[in-house]
Number of protein chains: 2
Amino acid sequence: MSKEDEVLREREAPLRDAYALAGVNIDAGNAAVARYRALAASRRHPLQLDQIGGFGGLFALPGDPSRALAASTDGVGTKLLVAAKLRRYDSVGADLVNHCVNDILVVNATPLFFLDYLAAGKLDPEVAGALVDGVGRACAAHGCALLGGETAEMPGVYQEEHFDLAGTIVGLVEVKSVPDPARVKPGDAIVGLPAVGLHTNGYSLARKVLPAERWREPFASDAGATYGDALLAEHPSYYTAVRAMQAVADVKVMSHITGGGLLENVPRTLPDNVKAVFEASRWSVPPLLEEIVRLGELSHEERYRTLNMGIGFTLVVSTGDALKAIAAEPSAKVVGWIEARADGDPHVVVHPARTA
Amino acid sequence: MSKEDEVLREREAPLRDAYALAGVNIDAGNAAVARYRALAASRRHPLQLDQIGGFGGLFALPGDPSRALAASTDGVGTKLLVAAKLRRYDSVGADLVNHCVNDILVVNATPLFFLDYLAAGKLDPEVAGALVDGVGRACAAHGCALLGGETAEMPGVYQEEHFDLAGTIVGLVEVKSVPDPARVKPGDAIVGLPAVGLHTNGYSLARKVLPAERWREPFASDAGATYGDALLAEHPSYYTAVRAMQAVADVKVMSHITGGGLLENVPRTLPDNVKAVFEASRWSVPPLLEEIVRLGELSHEERYRTLNMGIGFTLVVSTGDALKAIAAEPSAKVVGWIEARADGDPHVVVHPARTA
């Protein structure tokens with residue numbers, strides 16, 4: 001993958017997520033991305049470091065080139081519409097922070113501080129308070145400062161009672177500890193950490209196949225007793241699990257499985273001469289995702305390109321380190337391996353390769 | 001001003017801006033702020049430094065306490081509705097970046113990098129490209145990297161053809177060069193840098209008194225030949241002007257005049273025992289602001305609390321340094337002075353104190 005492609009991934013993924021079935025215009029997104037690509041390439045700053053998969057940007061600390069700042073901006077996306085409809089505002093702040101924490105964890109960065117952006121057509125103080133409480137709670141869980149924020153009331157921009165919540169995380173990393181995709185070799189194991197639901201991607205699709213009228217219906221899942229509970233299950237942070245595994249195993253690269261699923265996110269931190277081969281029988285799929293696959297009649301390709309399908313974060317380790325890694329984190333499983341890739345081969349294969 | 005008050009100012013100002021005349025609910029905003037206040041106070045991170053006026057947050061660099069990171073998140077606000085209506089997307093990116101640059105300039109920080117957040121109901125690639133081009137251009141003008149960004153298409157959250165643009169800046173500052181309000185003394189001079197229009201505040205009010213039907217009407221101003229030109233005049237960056245003045249003068253504190261005007265922004269970096277006294281005859285008011293004052297029949301209090309009234313940035317220097325400072329920057333003027341303040345006195349006085 002070229003440097004420009006890597007720079008773009010962060011911007012590209014959320015556009016792909018809300019895919020054609022849900023009526024989102026992917027071509028428009030790609031055109032915007034192409035323009036951003038040209039801009040980013042023409043204006044690269046001398047202290048910007050090569051991105052590793054584009055999950056977070058890296059900027060060498062002036063005067064101290066052994067360390068770099070890592071930063072990432074994200075929004076909660078249309079999961080907000082589920083929260084607004086069900087009037088449950090306590091979890092989306094944590095969705096946002098945890099998503100950002102995981103993004104810069106891919107480059108091995110430790111969070112320093114977070115800033116949130118909350119905008120609404122009409123600001124409800126109870127709602128705003130609950131949203132910011134959730135942000136603050138998730139920041140505190142990571143020893144990360146909530147350094148600032150902006151709250152804007154913008155009638156005319158937002159639909160009545162709607163709001164948007166986005167944020168930016170800044171972390172720090174030793175440059176020598178930034179993962180190097182060149183170290184990944186055929187025979188390495190892929191360790192997966194479990195997803196609890198959709199996390200923050202696939203909601204345009206989910207809302208299409210599971211309309212709001214059904215969100216209060218009973219639905220048994222780990223996340224609760226209704227479809228709404230399952231839809232609002234909090235995007236987990238993988239920070240503690242990853243640090244526990246890194247303490248005993250040499251983690252070569254990582255990926256955060258967001259919009260684009262395993263098929264698009266895993267290759268972002270792999271060299272071009274290898275492929276990731278997953279064996280789906282090695283992990284379980286959350287009931288909500290199984291239900292969306294069923295209702296949407298998603299093909300094999302669609303399900304693994306749109307949903308996380310039960311894997312929220314992946315780590316590549318040598319075969320010798322795989323058992324040590326999963327012993328350090330009870331929820332972790334070996335979910336696949338790295339194989340050599342010939343020109344024209346796919347970058348990711350998920351067995352069994354069912355057809356829709 | 002208490003530490004908690006200072007922490008809050010960043011969040012508070014944009015709520016006050018869109019004030020009652022424009023139908024925005026200030027009470028709701030204040031309730032949200034109160035909740036944020038409690039949260040921020042209860043969860044202060046040990047590396048967070050005291051904020052100076054709350055324009056940007058400060059975070060000590062781990063392992064190097066002589067330096068701090070400064071960060072600020074802002075949105076363009078309802079100026080976007082003017083840009084969208086007139087289909088002119090080239091300037092709002094610079095509005096956003098320059099606003100953020102000025103905010104962290106108040107704590108004397110030099111920009112390192114910027115991340116943007118662009119969300120729309122339906123993404124138009126031409127519009128998105130023009131918006132991000134503007135962001136990139138203003139970043140490049142400051143030697144600031146555009147390190148990343150997020151583009152989200154969220155049908156159902158944003159009104160048709162509407163979008164929001166926000167961003168986060170991160171800069172670096174030597175802790176010993178962070179301005180100290182305690183150094184401000186009665187007799188010091190206030191140097192002002194000129195505003196070119198509304199900048200990014202007061203647009204809810206402006207749209208109320210100057211409806212969209214009139215934006216293509218002729219209106220003579222420095223910013224162009226129509227009301228639309230004047231409304232979209234770019235929020236200037238004061239970075240170069242401030243650095244030029246700092247090279248020859250000891251600048252004690254600074255303020256960025258945003259929502260809240262001179263009345264609310266200048267006291268943010270003053271000690272409680274002084275007041276700022278402005279003499280309005282010393283500078284000129286942009287024609288657009290005069291027009292909004294006239295159409296909105298704004299009282300003296302309202303105009304200086306809602307609009308910048310022609311001053312975009314202020315610097316406090318000793319009387320001896322004032323002439324050196326303005327000699328270094330042709331656009332700068334001495335616009336007022338610092339006086340002793342007794343309990344109960346206002347923090348800011350603008351002479352002549354006309355009544356509406």
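The following questions and answers concern a predicted model.

Colleague: How many helices and strands does chain A have?

Modeller: Chain A has 356 residues, of which 65% count as buried. Its secondary structure consists of 12 helices and 13 strands.

Colleague: What share of the contacts in chain A with a separation of 6 or more comes from residues 24 or more positions apart?

Modeller: The question concerns contacts in chain A with a separation of 6 or more. Among these, residues 24 or more positions apart account for 82%.

Colleague: Is Lys79(A) buried or exposed?

Modeller: Lys79(A) belongs to helix H3 of chain A, residues 79-86. Buried means under 20% relative accessible area. Because the relative accessibility of Lys79(A) is 0%, this residue counts as buried.

Colleague: With which side chain does the side chain of Lys79(A) make a polar contact?

Modeller: Beyond its neighbours within four places in sequence, Lys79(A) is in contact with several residues, including Asp95(A), His199(A), Glu234(A) and His235(A). Tyr203(A) is also one of these residues. At 3.4 Å, the polar contact of the Lys79(A) side chain is with the side chain of Tyr203(A).

Colleague: Are H4(A) and H5(A) parallel, perpendicular or oblique to each other?

Modeller: Two packed helices are described by the angle between their axes and the distance between the axes. For helix H4 (residues 92-105) and helix H5 (residues 125-141) of chain A, the axes lie 6 Å apart and the angle is about 40°. Angles under 35 degrees count as roughly parallel and 65 to 115 as roughly perpendicular. The angle between these helices therefore makes H4(A) to H5(A) oblique.

Colleague: How many nonpolar, polar and charged residues does the contact of H4(A) with H5(A) have?

Modeller: H4(A) passes H5(A) in a right-handed crossing. H4(A) contributes Val92(A), Gly93(A), Ala94(A), Val97(A) and Asn98(A), while the residues from H5(A) include Leu131(A), Gly134(A) and Arg137(A). By class, the contact of H4(A) with H5(A) comprises 7 nonpolar, 3 polar and 1 charged.

Colleague: In what kind of crossing does H4(B) pass H5(B)?

Modeller: In chain B, the axes of helix H4 (residues 92-105) and helix H5 (residues 125-141) come within 6 Å and cross at roughly 40°. H4(B) is therefore oblique to H5(B). The crossing in which H4(B) passes H5(B) is right-handed.

Colleague: Which residue just after H10(B) takes a positive phi?

Modeller: Helix H10 of chain B covers residues 287-296, and among its buried residues are Leu288(B), Ile292(B) and Gly296(B). The buried residues of H10(B) pack against elements of chain B that include helix H6 and strand E7. Just after H10(B), a positive phi of about 50° is taken by Glu297(B).

Note on methods. Residues are numbered from 1 along each chain as its sequence is written. Chains are lettered from A and ligands numbered from 1 in the order in which they are written. This is a predicted model: local features need pLDDT of at least 70, side-chain atom pairs count only at pLDDT 80 or more; totals for chains, interfaces and linings use all residues. Side-chain values use heavy atoms; hydrogens and water are left out. Axes are lines fitted to C-alpha atoms, for helices over the stretch in contact, and angles run from 0 to 180 degrees between N-to-C directions. Helices (H or I, at least four residues) and strands (E, at least two) are DSSP runs, numbered from the N terminus. Angles under 35 degrees count as roughly parallel, over 145 as roughly antiparallel, 65 to 115 as roughly perpendicular and the rest as oblique. A crossing is left-handed if the near helix is turned anticlockwise from the far one by less than a right angle, and right-handed if clockwise. Contact means heavy atoms within 4.5 Å. Ala, Val, Leu, Ile, Met, Phe, Trp, Tyr, Cys and Pro count as nonpolar, Asp, Glu, Lys and Arg as charged, and the others, Gly among them, as polar. Buried means under 20% relative accessible area, exposed over 50%, partly exposed in between (1.4 Å probe, protein chains only). A polar contact is a pair of N or O atoms within 3.5 Å; within protein, one must be able to donate a hydrogen and the other to accept it, and residues adjacent in sequence count only if both atoms are side-chain atoms.
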